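Please find below a colleague's note on a structure, written for a reader new to the subject. The sequence and the structure should be kept in view while the points are read.

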Amino acid sequence: MDFALDAFLLELTAIFPIVNPPGAALVFFGLTRHASHDVRRVLAWRIARNAFLVLVGSLTLGAVILRL
Amino acid sequence: MRTGPGTIAVVISLGLSRGSYSSSTDEVVLVLSTICAVLVIAVAIFVCFAYADRVQCLLGAGGTDVAVRLSAFILFCLGIQILWAGGSELLHSVVHSAPPVPAAPPN
C-alpha cells in the first residue's frame, strides 16, 4: 500500500506542474471570454477527457511505440 | 490543449521506469496508481477550466498576472532541473568512457 501511494504521489507531482491546470485555465479563459458558462463547461469536459486519453495512451503504449 | 510533447515525454519515461519492478503484482499496482494520478489530473483540468471565470473574478487583473508569471517561473525551474539532470548524466557518461592515459614505458 505504501508503494502504491508513493508511486501515485510521484506521478502526480511529476505531471501536475507540466500540465499546469491553473495557468492553462487562465489562457483558456482568455480564449473563450465571449462564450457562456455552459459552453465553457462542455469544452472543459472535452479537454479533460482528451487529456486523460492522451496521457493514459502514451503511458501504456508510449514505450512500445518508441521501440518499433 | 495542455498535454503537449513535454508532458508526453515525461509520461513515457514514467511508463518506462515500470520495467524495473520485478513482481507482477507490483507492476499492476504501479499501473493502477499511475492511471489514478492521471485521473486526478484530468479532474483538476476540468475543474480549473470550467471555473476559470470565477477564479478570474476572484483574482482580478493583477492577481491573474501574478499567477501566470508565478506558474511560468515554476515551469522554468522544472525545465532547468530536467536539463541539468540530463546534462549531468551525459557528462558523466562522456567523462567515464574516455580512454585511460597510457602509462610511460619503463626505461
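The points below treat the chains, their contact, and then single residues.

1. Basis of the note. This is a predicted model, in which local features need pLDDT of at least 70 and side-chain atom pairs count only at pLDDT 80 or more, while totals for chains, interfaces and linings use all residues. Residues are numbered from 1 along each chain as its sequence is written, chains are lettered from A and ligands numbered from 1 in the order in which they are written, and side-chain values use heavy atoms, with hydrogens and water left out.

2. Chain A. Chain A has 3 helices and 0 strands (helices, H or I, of at least four residues and strands, E, of at least two are DSSP runs, numbered from the N terminus). Its elements run α-α-α from the N terminus on. Of its 68 residues, 43% count as buried (buried means under 20% relative accessible area, exposed over 50%, and partly exposed in between, with a 1.4 Å probe and protein chains only). Chain A exposes about 4,100 Å², and carbon and sulfur atoms supply 70% of that area (accessible areas come from the Shrake-Rupley method with a 1.4 Å probe; for residues, only the protein chains shown count as cover).

3. Chain B. The secondary structure of chain B likewise comes to 3 helices and 0 strands, and the pattern along the sequence is α-α-α. Buried residues account for 21% of the 107 residues in chain B. The accessible surface of chain B is about 7,400 Å², and 73% of it belongs to carbon and sulfur atoms.

4. The contact between the chains. The size of an interface is often given as the accessible area lost when the parts come together. Here the area buried between chain B and chain A is about 4,300 Å², with 83% given by carbon and sulfur atoms (buried area is the accessible area, with a 1.4 Å probe, that two parts lose on being put together, summed over both). In chain B, I41(B), F46(B) and F49(B) lose the most area to chain A, together 14% of what that side buries.

5. The aromatic pair. The structure holds 1 aromatic pair over all chains (rings of Phe, Tyr and Trp, the last by its six-membered ring, pair if their centres lie within 6.5 Å; planes under 30 degrees apart count as stacked, over 60 as edge-to-face and the rest as tilted). Why is the pair of F28(A) and F49(B) described as stacked? The ring centres of F28(A) and F49(B) are 4.7 Å apart and their planes stand at 25°, so the pair is stacked. Because F28(A) lies in helix α2 (residues 21-31) of chain A and F49(B) in helix α2 (residues 24-50) of chain B, the pair joins two chains. Both F28(A) and F49(B) are buried.

6. Residues of helix α2 of chain B. V38(B) is placed in helix α2 of chain B and counts as buried at 1% relative accessibility. Leaving aside neighbours within four places in sequence, V38(B) is in contact with I15(A), F52(A), L55(A) and V56(A). T34(B) also lies in helix α2 of chain B and is buried, with a relative accessible area of 4%. With neighbours within four places in sequence left aside, T34(B) is in contact with E11(A) and L59(A).

7. Residues of chain A. A48(A) lies in helix α3 (residues 37-67) of chain A and is buried at 5% relative accessibility. Apart from neighbours within four places in sequence, A48(A) is in contact with A42(B), I45(B) and F46(B). N20(A) is found in the loop between α1 (2-19) and α2 of chain A, and is buried with a relative accessible area of 16%. Phi of N20(A) is near 55°, a positive value in a residue other than glycine. Most residues other than glycine have a negative phi.

Terms used. Contact means heavy atoms within 4.5 Å.
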